[in-house]
Each structure stands twice: as C-alpha cells, then as structure tokens.
Amino acid sequence: MHDTLLIKTIQPDSKGFRNVFFQIGDMQTHREQLLDLLNGSGSPYAGRCMLRFNGVRLQLEVREIPAVLAILSEAGMKVYSVYEPYI
C-alpha cells in the first residue's frame, strides 16, 4: 500500500538531523550522478545519502536544504518535491 504518504511539517528553526526526501525527475538517468554529487568522498553529505526509487533521502539539518537544492539544480536535475516523511 504505497498510495498514502504521511509528511511531517519542516520547521525552519528546528535543530538536529532530519530525514529529508528529494523527489527527482528521471531518477534512472541521474542515479550515478547523484551518488557522485552527494555521496562522493568530497561531499559534505557523504554517508548521509540513501537512494530511493524516485529520489534521494538525506539526513540533513533544515538549514542545509537550500544548499542541496542548489547542487541538484546546478547539475541539471529536476526536483519535484522536498519533504520529510514519517518513517
């Protein structure tokens, strides 16, 4: 049953790491590029990235979300949504 998704509200001033999901368009094309960008040895997000079927989940602080969006946009990826699901 994958039709229902519960999403948490992300508070801009929240502290600590959150599981933030970025839904990526054409994920199959960008899978390797995502691994290089977000999980490579030079990335500040190395070890905090998990590829999913239609996007990537990162353990981030809320203040890091705009920087990740900028990285993905500059790489030419289409980001359709950003949210924190209940796990």
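**Figure 1. Strand β2 in its surroundings.** Strand β2 is mostly covered, with 5 of its 7 residues buried. The model shown here and in the other views is predicted. On one side, β2 is joined to strand β4 (residues 55-60) by 6 bridges, and the two run antiparallel. R18 stands opposite L60 in β4, V20 stands opposite L58, and F21 stands opposite R57. Strand β2 also pairs with β5, again in the antiparallel sense, over 4 bridges. In that pairing, I24 stands opposite V79 of β5.

**Figure 2. The aromatic pair F21 and Y83.** The model has 1 aromatic pair by the ring criterion used here. F21 belongs to strand β2 (residues 18-24) and Y83 to strand β5 (residues 79-85), so the pair ties together parts that lie 62 residues apart in sequence. Both partners fall under the 20% limit for buried residues. F21 has a relative accessibility of 6% and counts as buried. Y83, at 14% relative accessibility, counts as buried too.

Figure 3. An open sheet is formed by 5 strands in the order β1-β5-β2-β4-β3, with antiparallel pairing. Strands β1 (7-8) and β3 stand at the edges with a single partner strand each, so one side of each has no neighbour in the sheet. Helix α1 packs on the sheet and touches β2, β3 and β4; the direction of α1 makes about 170° with that of β3. Helix α2 also packs on the sheet, where it touches β2, β4 and β5, and its direction makes about 25° with that of β2.

**Figure 4. Strand β4 and the β3-β4 hairpin.** In strand β4, 5 of the 6 residues are buried, so this strand is largely enclosed by the rest of the structure. Strand β3 (residues 49-51) pairs with β4 in the antiparallel sense over 3 bridges. The two strands form a hairpin, with 3 residues between them. Within this pairing, L51 stands opposite V56 in β4.

**Figure 5. The buried face of helix α2.** Buried residues in α2 are I65, V68 and L72. Viewed down the axis of α2, the buried residues fall within an arc of 65°, so they line one face of the helix. An α-helix has 3.6 residues a turn, so residues three or four places apart point the same way. On the other side of α2, P66 and E74 are exposed. The cover over the buried residues of α2 includes β2, α1 (27-39), β4 and β5. Just after the helix, G76 takes a positive phi of about 85°.

Figure 6. L72 touches F22, I24, L34, L38, M77 and V79, leaving aside residues up to four places away in sequence.

Figure 7. E64 is placed in the loop between β4 and α2 (65-74). With a relative accessibility of 13%, E64 counts as buried. Leaving aside residues up to four places away in sequence, E64 touches F17, Y45 and R48. D26 is placed in the loop between β2 and α1. D26 is exposed, with a relative accessible area of 52%. The phi of D26 is near 55°, which is a positive value in a residue other than glycine. Most residues other than glycine have a negative phi.

Methods. Residues are numbered from 1 along each chain as its sequence is written. This is a predicted model: local features need pLDDT of at least 70, side-chain atom pairs count only at pLDDT 80 or more; totals for chains, interfaces and linings use all residues. Side-chain values use heavy atoms; hydrogens and water are left out. Rings of Phe, Tyr and Trp (its six-membered ring) pair if their centres lie within 6.5 Å; planes under 30 degrees apart count as stacked, over 60 as edge-to-face and the rest as tilted. Buried means under 20% relative accessible area, exposed over 50%, partly exposed in between (1.4 Å probe, protein chains only). Two strands pair if DSSP finds at least two bridges between them. Contact means heavy atoms within 4.5 Å. The arc is that of the directions from the helix axis to the C-beta atoms. Axes are lines fitted to C-alpha atoms, for helices over the stretch in contact, and angles run from 0 to 180 degrees between N-to-C directions.
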